[in-house]
Amino acid sequence: MADESWRLPNSVQQLAATVQEPPSRYLLREHEGLDGHLAGAELPEQIPTIDLGLLSASNDAEEATKLRSALQSWGFFKVSNHGMETSMLDSVMTATREFFHLPLEEKKKCSNLIDGKHFQVEGYGNDQVKTQDQILDWSDRLHLRIEPEGGRNLAHWPTHPKSFRDDLHKYALKCKRIKGDILRAIAKLLELDEDSLVNQFNSNARTYSRFNYFPPCPRPDLVLGVKPHADFSVLTVLLMDKDVAGLQYLRDGTWYNVPAVCNHTLLINIGFAMEIMTNGIFTGPVHRVVTNADKERISVAMFYGVDPDHEIGPIAHLLRDEQPARYRKMKAKDLLVAQLDHFSQDRGAQIADACKI
């Protein structure tokens, strides 16, 4: 039987503690990592910050204008006045860090490998390795289904730290409200019925959380924490590390650094499914994560997707004779498969081209 051990990468956290140079499977190809390519540039302007309280409660025109500008220029923005206390955000990040600092055997109780060798998305470990020449990411992750709530696989939900499950449940409820407020605001920008985007999510719509751990890397000039990609989701809510930067967004051929801030920040970006629904009026931004030579970094992402059997396509009310459909219709589950295939082949940033008519 052929040796397929290459499909089962080691914990990057354990690897980082034992090697002085990253294994070749993590190194970018020569043209991708030279000449400071991973350093990134400073943002030409501050990240737009949307006051969610004003936007959702009073239909504030100024906030709506800021939201439209953020979506058209970047595809992401920060939110303030979102109703989540700093103590809750601190608790989620503390629980995340404590989980990744547990002994490896304890974390493996939540493993994403069935019988130690068959990959599944949910659980602790790494992303799927499909080919021997696939460049691997310098990160570990815990991926959990949040919704439908009845579909939660609690076998993958950590019991240590003890606060983890309760913190995540409370945080998910708050994020769901934020998602709804933002989707209604975007619908208004598009002159659609206020609930037209919210109604895309039925009782079987999927929400996943992804807890990311990026250990220090001895070669941050040649290794990425996460490869370039656009999120598959309709909307992503990202809780950022307040101390260590690493997220970069691509615009007009230049990678821009998203700076760390003194307080935990909620960053919202639209995903590729939203790009299809809006027929490209708003585009899902391509982003990646770079590594740090000295410091670990964590983040928590909430991905909001539709029912896997739901057909995603441009919303009819947005189509005109002069603006015909640019994207073909696809079931969400088929779109996800295409996105994962592109990501494993280091072509995650090109998924949009594959789905255009």
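Biologist: Let's start with strands: which residue in strand 14 is the bridge partner of Thr207?

Modeller: In strand 14, Thr207 has Tyr304 as its bridge partner. Strands are DSSP runs of E with at least two residues, helices are runs of H or I with at least four, and both are numbered from the N terminus. Keep in mind that this is a predicted model, where local features need pLDDT of at least 70 and side-chain atom pairs count only at pLDDT 80 or more, while totals for chains, interfaces and linings use all residues. Residues are numbered from 1 along each chain as its sequence is written, and side-chain values use heavy atoms, leaving out hydrogens and water.

Biologist: How many bridges join strand 7 to strand 14?

Modeller: Two strands pair if DSSP finds at least two bridges between them. Here, strand 7 and strand 14 run antiparallel, with eight bridges joining them.

Biologist: Are the residues of strand 14 buried or exposed?

Modeller: Buried means under 20% relative accessible area, exposed over 50%, and partly exposed in between (1.4 Å probe, protein chains only). In strand 14, eight of its eight residues are buried. Arg297, Ser299, Ala301 and Phe303 sit on one side, Ile298, Val300, Met302 and Tyr304 on the other, and both faces are covered.

Biologist: Which residues lie closest to the centre of the largest pocket?

Modeller: A pocket comes from a 1 Å grid over the protein atoms alone: an open set of points, with protein on both sides within 12 Å along at least five of seven lines, and lining residues have an atom within 4 Å of a point. The largest pocket has 43 lining residues, and His143, Arg210, Phe303, Leu336 and Leu340 are the closest to its centre. Strand 7, strand 9 and strand 14 are among the elements that give two or more residues to this lining, but helix 9 gives the most, with eight.

Biologist: Which residues form salt bridges with Arg97?

Modeller: Side chains of opposite charge can pair when their charged atoms come close. For a salt bridge, a side-chain nitrogen of Lys or Arg must be within 4 Å of a carboxyl oxygen of Asp or Glu. Asp241 meets Arg97 at 3.5 Å, N to O. Asp241 is in the loop between strand 9 and strand 10, and Arg97 is in helix 5, so this pair ties together parts 144 residues apart in sequence. Glu296 also bridges to Arg97, with the closest N and O atoms 2.7 Å apart. Since Glu296 is in the loop between strand 13 and strand 14, that pair ties together parts 199 residues apart. Asp241 is buried at 2% relative accessibility, whereas Arg97 is partly exposed at 24%.

How values were computed
On a 1 Å grid over the protein atoms alone, a cavity is a set of points where a 1.4 Å probe fits but cannot get out, and a pocket is an open set with protein on both sides within 12 Å along at least five of seven lines; lining residues have an atom within 4 Å of a point.
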